[in-house]
Amino acid sequence: MTGLAYLGALLVSLGGLALLDRRSRLAFWHDPRRAAWTVGIGVVAFLLWDVAGLLLGIFARGESPHMTGILLAPELPIEEVFFLTLLCYVALLAWRWFDRTASLRAAGARALHDAERGSGTPGTSGAAGGPGSSGPSGSDGGAA
Amino acid sequence: MTNIVLNAAVLVVLLAVSWPTLRRLRGWPVVWTVVHLCVLTAVFDTLMIAADLYVYAPDKILGVYILGAPLEDFAYAIAAAVGMPVLWTVLGRRRPRVAASSAARTDVEGAG
């Protein structure tokens, strides 16, 4: 039973991230193929990094009773794949969220800026403007 | 080779390869992701080492800890926080490029 504690915690965490992903359509619920390739390449790269660390004798598997004991390679527990998936997934979701927030904020600021300038222009351009063909950007009033 | 040498080498290669894409991304979201992943690493790496999930060879690490997390482990957090945005951006390029070129064509036609 206790051998499943770490794997179980990783799976519950991955499930929680998936709920956030679905709710905000950040990664797998935005573009599943792209998300799968992004996380997949990341996990493979991190596994190679792990193997390098193991071969160099930098770290090794602990004696924790909370792991299943299933190994992908000597000293490389199966839990590591799920941990690296969690690491990549949380990084991808966090960045997607922060980047979207920044993008929306920039768009909001731009819209506000345009609205402020736009509210001043119709009167002045209407008074000074000659023919109605003054520009494609003027969307209202000119034709009448 | 010690852990700091390996991890620094990995980060240098990653940043060099990512730089052309990275420099075009909005800066703050990437920096903010790095910060968040480092905080998560400080907390959860500490817990995972306390749970004896993995052990380090004492002579291969610097012995500098943030909470209970070896300094070298933060390289994983930084790599994930830089690598994921770059991969996502690179992998999404093909389709937007097609869309952008067709949009440009429409613009040209519209202007002519």
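Trainee: Which residues lie nearest the centre of the largest pocket?
Mentor: A:Y6, A:F83, B:F44, B:M48 and B:Y54 do, out of 37 residues that line the largest pocket. A pocket here is an open set of points on a 1 Å grid over the protein atoms alone, where a 1.4 Å probe fits, with protein on both sides within 12 Å along at least five of seven lines; lining residues have an atom within 4 Å of a point. The model is predicted, so local features need pLDDT of at least 70 and side-chain atom pairs count only at pLDDT 80 or more, while totals for chains, interfaces and linings use all residues. Residues are numbered from 1 along each chain as its sequence is written, chains are lettered from A in the order in which they are written, and side-chain values use heavy atoms, with hydrogens and water left out.
Trainee: What is its volume?
Mentor: The largest pocket has a volume of about 810 Å³, which is the space filled by probe spheres set on the grid points.
Trainee: Which helix gives the largest share of the lining?
Mentor: Helix α2 of chain B, residues 27–50, with seven residues. Helices (H or I, at least four residues) and strands (E, at least two) are DSSP runs, numbered from the N terminus.
Trainee: And the lining by class?
Mentor: The lining of the largest pocket has 26 nonpolar, five polar and six charged residues. Ala, Val, Leu, Ile, Met, Phe, Trp, Tyr, Cys and Pro count as nonpolar, Asp, Glu, Lys and Arg as charged, and the others, Gly among them, as polar.
Trainee: Now the interface. How many residues are in contact?
Mentor: 38 residues of chain B are in contact (heavy atoms within 4.5 Å) with 42 residues of chain A. The two chains bury about 3400 Å² between them, 73% of it on carbon and sulfur atoms; buried area is the accessible area (1.4 Å probe) lost on putting two parts together, summed over both. B:Y76, B:M84 and B:W88 supply 26% of the area that chain B buries against chain A, more than any other three residues.
Trainee: How many salt bridges does the structure hold?
Mentor: The structure holds one over all chains, a salt bridge being a side-chain nitrogen of Lys or Arg within 4 Å of a carboxyl oxygen of Asp or Glu. B:R26 lies in the loop between α1 and α2 of chain B and A:D99 in helix α3 (residues 79–128) of chain A, so the pair joins two chains. The closest N and O atoms of B:R26 and A:D99 are 3.1 Å apart.
Trainee: Where is B:D52?
Mentor: B:D52 sits in the loop between α2 and β1 of chain B. Its phi is near 65 degrees, a positive value in a residue other than glycine.
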